[in-house]
Structures are given as structure tokens and as C-alpha cells.
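Here is a report on a single protein chain. It goes from individual residues to the overall fold and back again.

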Amino acid sequence: MAGWIAVCLAVLPAAAAKLDISLPADAPDGIEDRLRAASLVALAIEDESATAQDLIAAAGADYARLTGALYDAGHFGATLSIRIDGREVAELPILAQPGEIGRIEIAVDPGPAFRFDATRI
């Protein structure tokens, strides 16, 4: 019975979760908007029926999605960290994930923007 109760707790809505996206002060204009638009976590938090499991899955998928958004903006040397209640999402144990989530932090240093141009010979 105890195992069944733990499973039920994991599917409760995670409406209290808060998303913070942090960037360096010198980050280019519009980069936060690009990241929010690409983020599945941002979408999931708006969904009142999203569970903690949904948010964890969205956060895991956001590594690739946010990296893609940064690449599209010409930032090929970015660093990205996604933490749930202070723990890096990629390091969360699969079988011991939290049933409740208070805060999701996405920290991005986009690095320099690269610009490509045509080469003439």
C-alpha cells in the first residue's frame, strides 16, 4: 500500500512551481524571450493539470530545446543549467524523483554570438 501512495503523490498537479530564467547582465536583447518561447517547462507551468513528473520531463527535454534556440540565435558556446529545487535535472535519480516541485531555475550564459558571412575567392 505504501508504494501505491507514493505513486499517487507523484501525479498530483504541480501548480505551485515557479520558473526563473537567469542570464548575465550583458545578455543580448530578446534572448530571454527566445528561451521562454522554446521552453517546455514554461508551457507546462502554465498548464494547471501538469504534474511534477510532467515538469521533470519538460525540464529534461529543455536541454536540447534551449540549446537549439541558442544555436538559432548564433550562440554556439553557451552554458546551460536546469535545476529543480536546487538539483540539476540531468542528475535526478530516475526512481527517486520529487513528488512536489517548488522552483525550476534555468541559468544560461549564451556566450558570444557568432556571425557567419559569405567567403569570396
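## An aromatic cluster

Phe 76 counts as partly exposed, at 38% relative accessibility. The cut-offs are these: buried means under 20% relative accessible area, exposed means over 50%, and partly exposed lies in between, with a 1.4 Å probe and protein chains only. Tyr 71 is also partly exposed, with a relative accessible area of 43%.

A search of the whole structure finds 2 aromatic pairs. Rings of Phe, Tyr and Trp (its six-membered ring) pair if their centres lie within 6.5 Å; planes under 30 degrees apart count as stacked, over 60 as edge-to-face and the rest as tilted. Ring pairs join Tyr 71, Phe 76 and Phe 114 in a cluster.

## Basis of the model

The model is predicted: local features need pLDDT of at least 70, side-chain atom pairs count only at pLDDT 80 or more, and totals for chains, interfaces and linings use all residues. Residues are numbered from 1 along each chain as its sequence is written, and side-chain values use heavy atoms, with hydrogens and water left out.

## Overall architecture

The protein chain has 4 helices and 4 strands. From the N terminus on, their order is α-β-α-α-α-β-β-β. Helices (H or I, at least four residues) and strands (E, at least two) are DSSP runs, numbered from the N terminus.

The protein chain holds 121 residues, and 31% of them count as buried. Consider its contacts with a separation of 6 or more: residues 24 or more positions apart account for 69% of these. Contact means heavy atoms within 4.5 Å.

## Helix 2 against helix 4

Helix 2 covers residues 31-38 and helix 4 covers residues 52-72. Their axes come within 9 Å and cross at roughly 140°. Axes are lines fitted to C-alpha atoms, for helices over the stretch in contact, and angles run from 0 to 180 degrees between N-to-C directions. The two helices are therefore oblique to each other. Angles under 35 degrees count as roughly parallel, over 145 as roughly antiparallel, 65 to 115 as roughly perpendicular and the rest as oblique. The crossing of helix 2 with helix 4 is right-handed. That term applies if the near helix is turned clockwise from the far one by less than a right angle, and left-handed applies if anticlockwise.

Which residues meet here? Helix 2 brings Ile 31, Arg 34, Leu 35 and Ala 38. Helix 4 brings Asp 62, Arg 65, Leu 66, Ala 69, Leu 70 and Asp 72. The residues of this contact divide into 6 nonpolar, no polar and 4 charged. Ala, Val, Leu, Ile, Met, Phe, Trp, Tyr, Cys and Pro count as nonpolar, Asp, Glu, Lys and Arg as charged, and the others, Gly among them, as polar.

Glu 32 also belongs to helix 2. Glu 32 is partly exposed, at 30% relative accessibility. Neighbours within four places in sequence aside, Glu 32 is in contact with Ile 21 and Leu 23. Its C-alpha atom lies 9.2 Å from that of Val 108, 76 residues apart along the chain.

Ile 84 sits in strand 2. Is Ile 84 buried or exposed? Ile 84 is buried, with a relative accessible area of 1%. Leaving aside neighbours within four places in sequence, Ile 84 is in contact with Ile 56, Ala 59, Val 89, Leu 92, Ile 101, Arg 103 and Ile 104.

Ser 81 is buried, at 18% relative accessible area. Beyond its neighbours within four places in sequence, Ser 81 is in contact with Glu 88, Glu 105, Ile 106 and Ala 107. The C-alpha atoms of Ser 81 and Val 108 are 6.5 Å from each other.

Asp 85 lies in the loop between strand 2 (79-84) and strand 3 (87-88). Asp 85 is not a glycine, yet has a positive phi of about 45°. Asp 85 is partly exposed, at 41% relative accessibility.

## After strand 4

Arg 115 is found in the segment after strand 4 (103-109). Arg 115 is exposed, with a relative accessible area of 73%. The C-alpha atoms of Arg 115 and Ala 73 are separated by 9.6 Å, and the two are 42 residues apart along the chain.
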